Amino acid sequence: MKTLVLDTCHKYIVAGCFEDDKCLSSWNEWAWKQQSERFFEVLDDCMKKAGWECDQIDQIILTDGPGSYTGERIAMTFAKVLCTQKPIDLYTIPTYLIFAGKNNGEVILDARSNRVYCGTCENGKLISESIKTLDEVKEDQENGVHIMGDSYLLGNEKENIDLAANFMAVKDAWKKVTNVHTLTPHYLKSKEELVK
């Protein structure tokens, strides 16, 4: 089973080629605001290192957000086009899970303006999500909550995470897309937007 994993939702480009859960090649590149320029180059390099052609892919696992408005659409558009051309199984996972893997705690993703997307993760599953201020997350950290993802926003040391490998670690959280044409990015709305 040839599995391609992809993420362009946040600040990275992640691509990985796995055959029967074994990593043949992977790419985790910081590419903030450059995902659209770098995506196909990274994908091509990853596929070449694995010795794959697009028509050999059996399934694609994709993050569906939250993340940047443009970033969420880059890998998703590629996956949707490919899956309409050939019968390839398509699955999605929340962006938080590639940062958490099987670890427990809160994953924060920079939402700018002193706010973060915050996902509480336990054993490879997303339990809840919200938008928090950095002060609220600092309080969580002071109360012993393990903070992952963009924790450098709190002054923590930047973590070195194998984002591609975490796609496979959270296999139980994959959600099958039954109709590729209806797949859309997941946007997390703020409390203010939900009230309107």
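This is a predicted model: local features need pLDDT of at least 70, side-chain atom pairs count only at pLDDT 80 or more; totals for chains, interfaces and linings use all residues.

**Entry 1: helix H2**

I started with H2, residues 69-85. I count on 17 residues here, and the span from first C-alpha to last is 25 Å, close to the 24 Å expected at 1.5 Å a residue. Where does H2 bend? I found the bend at Met76, about 25°.

Next I looked up which residues of H2 are buried. The list reads Gly71, Glu72, Ile74, Ala75, Met76, Phe78, Ala79, Leu82 and Cys83.

**Entry 2: the six-stranded sheet**

I traced an open sheet of 6 strands in the order S3-S2-S1-S4-S5-S10, with mixed pairing. Its edge strands are S3 (22-30) and S10 (175-176), each of which pairs on one side only.

Then I went through the pairs. S1 and S2 (residues 12-19) run antiparallel and are joined by 6 bridges. In that pair I located Thr3 opposite Phe18 in S2. H1 packs on this sheet, where it touches S1, S2 and S3, and its direction makes about 160° with that of S3.

On to S4. With S1, S4 pairs in the parallel sense over 4 bridges, and Leu4 stands opposite Ile60 of S4. With S5, S4 also runs parallel, over 5 bridges; there Gln59 has Asp89 as its bridge partner. From S4 the chain passes through H2 to S5, a β-α-β crossover that I note as right-handed. H2 itself lies across S1, S4 and S5, at about 155° to S4.

**Entry 3: strand S4 and Ile60**

How many residues of S4 are buried? I get 5 of its 5. Both faces are covered: Gln59, Ile61 and Thr63 are buried on one side, Ile60 and Leu62 on the other.

I then picked Ile60, which sits in S4. Is Ile60 buried or exposed? The relative accessible area comes out at 0%, and the cut-off for buried is under 20%, so Ile60 counts as buried. Leaving out neighbours within four places in sequence, I listed its contacts as Leu4, Leu6, Ala79, Leu82, Cys83, Ile88, Asp89, Leu90 and Tyr91. Leu6 is 54 residues away from Ile60 along the chain, yet their C-alpha atoms are separated by 7.5 Å.

Two non-glycine residues with positive phi went into the notes. Asp20 has about 50° and lies in the loop between S2 and S3. Asp20 is exposed, at 56% relative accessible area. Arg112 has about 65°, and I found Arg112 in strand S6 (residues 105-112).

**Entry 4: the four-stranded sheet**

There is also an open sheet of 4 strands, S8-S7-S6-S9 in order, again with mixed pairing. S8 (125-133) and S9 are at the edges with a single partner strand each, so one side of each has no neighbour in the sheet. On average, neighbouring strands here are turned by 30° against each other, direction ignored.

S7 (residues 115-122) and S8 run antiparallel, joined by 8 bridges, and I located Thr120 opposite Ser128 in S8. Helix H4 (residues 134-142) packs on this sheet and touches S6, S7, S8 and S9, its direction making about 130° with that of S8.

**Entry 5: Ser151**

Last stop was Ser151, in the loop between S9 (147-149) and helix H5 (163-169). Although Ser151 is in a loop, its relative accessibility is 2%, which counts as buried. Not counting residues up to four places away in sequence, Ser151 touches Ile108, Asn156, Glu157 and Glu159.

Note on methods. Residues are numbered from 1 along each chain as its sequence is written. Side-chain values use heavy atoms; hydrogens and water are left out. The expected span of a helix is 1.5 Å times one less than its number of residues. The bend at a residue is the angle between axes fitted to the seven residues ending there and the seven starting there. Buried means under 20% relative accessible area, exposed over 50%, partly exposed in between (1.4 Å probe, protein chains only). Contact means heavy atoms within 4.5 Å. Two strands pair if DSSP finds at least two bridges between them. Axes are lines fitted to C-alpha atoms, for helices over the stretch in contact, and angles run from 0 to 180 degrees between N-to-C directions. A crossover is right-handed if, with the strands pointing away from the viewer, the path from the first strand over the helix to the second runs clockwise.
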